[in-house]
Amino acid sequence: APLSEALGKFALEWQAAARPLLVARAARTFHLAAAAVGLGLIAGLYLRGIAFAYSAGWESTFLDAERARVLLGMMYGPASAVTGIAIPDAATLEGLRWRGDGQGGEPAGRWIHLLAASALIFVVVPRLVLGAIAAATASRLAGDLPLPPEAAAYARGAFGAFGGLDAGVVRVVPYSYEPDAASVTRLTASLRKDLGANLALQVRAPVPYGGEDSWLAELAASNPPPDALVLLLSLAATPEDENHGRMLEGARDVLERMRPGAPFVPIVDEGPYLVRMGTGARVDERRRAWSTFITARGLQARLQDLAR
């Protein structure tokens with residue numbers, strides 16, 4: 001029963017998410033079907049013209065030959081221009097008028113050609129063009145189907161704090177301290193474990209204390225922006241609104257504007273502080289200070305000892 005309910009819910013949600021793709025495929029099918037109908041009409045005209053003798057003429061209660069020529073020019077003018085088959089003048093049309101004695105008309109060959117050309121111009125070619133556009137749209141959507149925002153939120157919750165990315169670039173930026181090579185190696189291993197081995201990690205040079213605005217401007221100019229951003233902080237520093245707060249809030253806002261939904265995770269490295277202070281009340285107090293400082297900005301705090 002739970003599986004049946006889940007499958008039913010998935011089918012409804014997938015139908016809503018895939019609606020643009022399904023509409024594009026349906027449009028492609030209908031356009032190609034209309035083009036096929038037009039081609040069938042043309043083929044039928046010529047095949048029946050081989051087996052039967054068609055005659056073409058006209059009669060009207062209200063139109064004379066000149067007005068009939070104007071009407072024919074409106075109907076078959078584009079086909080006449082494409083095929084080079086001229087519309088008869090008024091005198092010729094007068095001779096084609098059906099008369100009571102059965103006289104009038106002519107073999108319908110040129111009119112069949114004009115009918116076929118009109119079907120190509122007004123039905124087949126436009127429908128083929130529209131079908132090609134719909135096919136290209138369907139192909140693009142099939143390769144990159146936009147999913148609803150709930151899907152990204154669910155993926156981030158289900159596959160870890162970093163968003164469960166399968167591929168992409170994770171940019172690691174230390175702030176106001178420089179981790180040693182061993183710490184960077186441990187951090188890289190930890191991130192790969194969380195995010196996957198296929199991710200590319202970019203560990204940038206540390207941002208100096210007071211260089212927040214310059215770095216935020218550089219982040220805003222990134223092209224393309226990172227798929228995930230890790231801001232590496234140090235527990236040895238006391239969190240300050242005008243510096244650390246500026247980095248956290250600015251990076252959060254810039255990344256959300258450039259790549260909505262991209263994970264932004266601040267990591268506080270406990271290693272340097274623990275090496276100097278060991279354990280005790282001051283360490284616990286500093287941990288609480290950083291956790292409160294980060295979560296107050298709507299972010300998830302992660303404290304990690306990269307020295308061990």
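Tutor: Let's begin with a word we will need: a residue is buried when its relative accessible area is under 20%, exposed when it is over 50%, and partly exposed in between, using a 1.4 Å probe and protein chains only. Asp 305 counts as buried because its relative accessibility is 17%. Please keep in mind that this is a predicted model, in which local features need pLDDT of at least 70 and side-chain atom pairs count only at pLDDT 80 or more, while totals for chains, interfaces and linings use all residues. Residues are numbered from 1 along each chain as its sequence is written, and side-chain values use heavy atoms, with hydrogens and water left out.

Asp 305 sits in the segment that follows strand S7 (302-304). Helices (H or I, at least four residues) and strands (E, at least two) are DSSP runs, numbered from the N terminus.

Now for the partners of its side chain. A polar contact is a pair of N or O atoms within 3.5 Å; within protein, one must be able to donate a hydrogen and the other to accept it, and residues adjacent in sequence count only if both atoms are side-chain atoms. The side chains of Asp 305 and Arg 308 are joined by such a contact at 2.7 Å. A polar atom of the Asp 305 side chain also lies 3.0 Å from the backbone nitrogen of Ala 307. Once neighbours within four places in sequence are set aside, Asp 305 is in contact (heavy atoms within 4.5 Å) with Asp 269, Glu 270, Gly 271 and Leu 274.

Stepping back, the protein has eleven helices and seven strands. Its radius of gyration, 37 Å, is well over the 19 Å that the globule rule gives for 308 residues, so the protein is more spread out than a compact globule. That radius is taken over C-alpha atoms, and the rule is 2.2 Å times the number of residues to the power 0.38. The C-alpha trace spans about 120 × 55 × 35 Å along its principal axes. Of the 308 residues, 33% are buried. Among contacts with a separation of 6 or more, 81% come from residues 24 or more positions apart.

Tyr 76 is another buried residue, at 12% relative accessibility, and belongs to helix H3 (residues 65-83). Leaving out residues up to four places away in sequence, Tyr 76 touches Ile 87, Trp 111, Leu 114, Leu 115 and Ser 118. Leu 130, in helix H5 (residues 109-143), is partly exposed at 39%. Although Leu 130 and Phe 30 are 100 residues apart in sequence, their C-alpha atoms are 9.8 Å apart in space.

Most residues other than glycine have a negative phi, and most peptide bonds are trans. Ser 176 has a positive phi, near 65°, in a residue other than glycine. Ser 176 lies in the loop between strand S3 (169-174) and helix H7 (181-195), and its relative accessible area of 34% makes it partly exposed. The peptide bond from Asn 223 to Pro 224 is cis, with omega near 5°. Pro 224 is placed in the loop between helix H8 (212-220) and strand S5 (228-234).
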